[in-house]
Amino acid sequence: QVQLVESGGGLVQAGGSLRLSCAASGRTFSNYVMGWFRQAPGKERELVVAISRSGSTTSYADSVKGRFTISRDNAKNTVYLQMNSLKPEETAVYYCAVRQEGILVYDYWGQGTQVTVSS
């Protein structure tokens, strides 16, 4: 079992920034690929970005490239998502999740944190 707890969400104006954190506990954090997802009202959950176990490889959705940055600190069992130049359409619940390398299914999920971007 892996427990994930997101934090850092909130209300921000368009063009502003937020930094989300996801703290993990349970199994060895560095064994897992980490991902950030988001789900807007009435829309499907989408993968925003993923980061490899070591942090050396990242994969961003085209919509966030150049504005969002993922990082991880395996010593602190935490993954971060720095979000800059936020847009109102990025209002959503943001989730972190983990999966094993080589397996596409994310096994464990956090409860989510709300990000609201006002225009």
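Visitor: In this structure, does Arg38 count as buried or exposed?

Guide: The model is a predicted one, and the term buried is kept for residues under 20% relative accessible area. Because the relative accessibility of Arg38 is 7%, Arg38 counts as buried.

Visitor: Which residue meets the side chain of Arg38 in a salt bridge at 2.6 Å, N to O?

Guide: Side chains of opposite charge can pair when their charged atoms come close. The partner here counts as partly exposed, with a relative accessibility of 33%, and the residue whose side chain meets that of Arg38 at this distance is Glu46.

Visitor: How many residues apart are Arg38 and Glu90, which also form a salt bridge?

Guide: The closest N and O atoms of Arg38 and Glu90 are 3.2 Å apart, and Glu90 counts as buried, at 3% relative accessibility. Arg38 belongs to strand S4, while Glu90 lies in the loop between S8 and S9, and this pair links distant parts of the chain, 52 residues apart.

Visitor: Which residues are linked with Arg38 in a network of salt bridges?

Guide: Glu46 forms a salt bridge with Arg38, and Glu90 forms one with Arg38 as well. The network also takes in an arginine, and the residues linked with Arg38 are Glu46, Arg67 and Glu90.

Visitor: Which residues touch the most other members of the largest nonpolar core?

Guide: This core holds 31 residues, and the elements that give two or more residues to the core include strand S1 (2–7), strand S4 (32–39) and strand S9 (92–100). Those that touch the most other members are Leu4, Trp36, Phe68, Leu81, Met83 and Tyr94.

Methods: Residues are numbered from 1 along each chain as its sequence is written. This is a predicted model: local features need pLDDT of at least 70, side-chain atom pairs count only at pLDDT 80 or more; totals for chains, interfaces and linings use all residues. Side-chain values use heavy atoms; hydrogens and water are left out. A nonpolar core is a set of buried Ala, Val, Leu, Ile, Met, Phe, Trp, Tyr and Cys residues joined through side-chain atoms within 4.5 Å. Buried means under 20% relative accessible area, exposed over 50%, partly exposed in between (1.4 Å probe, protein chains only). Helices (H or I, at least four residues) and strands (E, at least two) are DSSP runs, numbered from the N terminus. A salt bridge is a side-chain nitrogen of Lys or Arg within 4 Å of a carboxyl oxygen of Asp or Glu.
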